Every structure is written in C-alpha cells, then in structure tokens.
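Welcome, and please open the model in your viewer with a selection panel at hand. We will go from stop to stop, and at each one you will hear what to select and what is there.

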Amino acid sequence: MFRQDPVEPELILRGLKKPVEVAGRVQSGRVEGGRAAAGAWKGAFTLIELLVVIAIISILAAMLLPALTQAKGRAQQVSCQNNLRQLTLCWHLYAVDNGDFLPPNNFVYDISTDKPLISAGSWSTNVAPYDVDTGGITGGMLFQYDDQISIYHCPADKSTVVTPAGVNLGVLRLRSYNMSQAINGFPNYDTNVYSDIPCFNKFTEIRNPGPSQCFAFLEVHQDEIVDTQFGIPTSNTPWYQNNWYDVPANRHDQGCDFSFADGHAEHWRWRVPMNVTVPRGYIQPVPPQQMPDYQRVESGFPQTID
C-alpha cells in the first residue's frame, strides 16, 4: 500500500507541480491498480540502441589495443635496459674491488655433450635453456653486488626451461643476457688453444673500441642462448668470417638491448628480423641483407690483440 497525495492536473500542466515519485518510479499523474499509467517507462534501451553502443565500444577497443600493446612493449624495453645497467654496475663494482680486473667470463658449454668446455670462475654458470636451479647465478661473481635474480632476465623473454631431452617444464628461464667475449673471457684461460680471440682483462685496457663502444652485456636470441658468453669471429680469425657464433635477440620491436663498458645502455633496431636458422649451438651464416647489422655488432668487439 502507498498513499497518493492529490495533485491538481492544471498545476502539473503549467509546470507548477512536479510529477509524484512513487516507490522509485516517476508517475505521470495517476495510478491504476498499483502501476503507472501507460507511457510512464521512458529509460529502457531498444535492441538497436544497444547494438550501436556495443559497436562503438568495439571500435574504441580496436583503436586503443595497439597503443596499449605498444606501451607495454616500451615498458618492457625500459625494464630490460635497466637490468643491463644494473648488471654493468655490478661489473664495475667488481673491477673496483679487484684491482681493475674485469669479472671473469669463463663458462662455455658444449651442447652436444651436455658438459662445459670450460668452467672456471665466472660472472655466471647458468645454462639458460636447461637450468631451473638458481645456483648458476647466485654462485656467480656479480651476485654479491646485487642479489636480485630478476635483473638477469628480460621481461619480454617468454621462453621456458626444457630438459636436454626437449621436455618443456613450463617455467620461465632465469637468464636472457650474455657477457661479451671481449671481457676477460676464457680465451685467456687457455692461451694455447684460444689465444686468437682478443679480450680485455682490465678496465683500463678497454681501447679500440673504447668504453662507450665496447659491449659489456647484451640480449641473446631465445633459440640460441646456452652458456654465458656472446662470441663473434674477429678479423684475425681466418675461419668462420661473416658467421654468427651467437645470435642477438629480436625482442622489443625487432631489436635488441645492449650495455656498454662505460655503463650506458642502448636499444638497436635491426633492419631485418634476427632469426635463428640452425640448431642451437651451431654457427649461423649471415645473409646479405643482414650484413649491415652484423657489422654494427662486430664494431663493439676488439678485432686484434694489442
């Protein structure tokens, strides 16, 4: 039951009285059997109106989605470069604590035997596609300067750990980055075998290229990364010229992030996509259209032994 106060019809028509609100409903002047008179409901959408609204929302979503995706990709790239800067800062701190000697880079893995070719003191001994154990990172010589395992992994790298037999374990890898072979690497550990590969032992030795051009760390392609050293043939190597030993990443808008010996980081966009065309661990020829990018990467490494 509710009570309707009398309202003069002529006052309503003149706008001097407002319609009565009954139980939350606007009523136009009279009630018949507890319901508003016909024509009282004015707020419902028609089917056509609803379809128009849905279509407009769909169009707006289609317009905004690429921008949101691009923004997410940009955020991941910035985070990746920050990781590389953090690793390079650790790299510098190690040199400060060790009489200018650069962090050792002495972990090279033979994928055919599932054993290291050499495993001495190194910044990391993580085998990227296989290791779920963090020990290869926490036992490395840089972890003492920053104990965040996340800085070893690019947020855009969605590759997962597999067993050597190829069983996918469904968890993200721990590491996306390698240190340049130019940095205190295993070539100097056994000079009888690898003396043809130039590298710097001390920070003050970094010349030609200088600190602002010499790579410290870079992203490696998820289908190629294994051990912790990024290598490339140098000018004094009579074999394997114009081949990739390791392939840079193709993330972040067809590009790759690098850090340099002076501590800064850069993003390089490739002219053509960087793809892996050989089994993991094999040397990959550089196609002609990729040669400018190859030469650009090559410029970040010393080519001769001083």
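Two strands pair if DSSP finds at least two bridges between them. Helices (H or I, at least four residues) and strands (E, at least two) are DSSP runs, numbered from the N terminus. Before you click, note that this is a predicted model, in which local features need pLDDT of at least 70, side-chain atom pairs count only at pLDDT 80 or more, and totals for chains, interfaces and linings use all residues. Residues are numbered from 1 along each chain as its sequence is written, and side-chain values use heavy atoms, with hydrogens and water left out.

**Stop 1: the whole chain**

Show the cartoon: the secondary structure comes to six helices and 15 strands. Of the 306 residues in the chain, 42% are buried; buried means under 20% relative accessible area, exposed means over 50%, and partly exposed lies in between (1.4 Å probe, protein chains only).

**Stop 2: the five-stranded sheet**

Select E11, E9, E10, E13 and E14, in that order: they form an open sheet with mixed pairing. Its edge strands are E11 and E14, each of which pairs on one side only. Start with E9 (residues 177-180), which pairs with E11 in the parallel sense over two bridges. Here Met179 has Gln229 in E11 as its bridge partner. On to E10: E9 pairs with E10 in the antiparallel sense over three bridges, and Asn178 has Leu218 in E10 as its bridge partner. Then look at E13 and E14, which run antiparallel and are joined by five bridges; Phe258 stands opposite Glu266 in E14.

**Stop 3: helix H6**

Now select residues 291-298, which make up helix H6, and pick out its buried residues: Met291, Asp293, Tyr294, Val297 and Glu298. Look down the axis of H6: the buried residues fall within an arc of 160 degrees, so they line one face of the helix. That arc is taken from the directions from the helix axis to the C-beta atoms. What covers these buried residues? The cover includes E10, E11 (229-230), E12 (243-244), E13 (255-260) and E14.

**Stop 4**

How many salt bridges does the structure hold? There are three, where a salt bridge is a side-chain nitrogen of Lys or Arg within 4 Å of a carboxyl oxygen of Asp or Glu.

- Select Asp157 and Arg251: their closest N and O atoms are 3.7 Å apart. This pair links distant parts of the chain, 94 residues apart, with Asp157 in the loop between helix H3 (135-138) and strand E7 (160-162) and Arg251 in helix H5 (residues 251-254). Both Asp157 and Arg251 are buried.
- Finish with Arg269 and Asp253, at 3.2 Å from N to O. Arg269 lies in strand E14 (residues 265-269) and Asp253 in helix H5, so parts 16 residues apart in sequence are tied together. Arg269 is partly exposed at 44% relative accessible area, whereas Asp253 counts as exposed at 56%.

Keep Asp157, Glu219 and Arg251 selected together: salt bridges that share partners join them into one network.

**Stop 5: His252**

Stay in helix H5 and select His252. Is His252 buried or exposed? His252 is buried, with a relative accessible area of 9%. Residues that His252 touches, not counting those up to four places away in sequence, include Gly73, Cys80, Cys154, Glu219 and His267. For a distance label, pick the C-alpha atoms of His252 and Ala75: they are separated by 9.7 Å, while the two residues are 177 apart along the chain.

Note on methods
Contact = heavy atoms within 4.5 Å.
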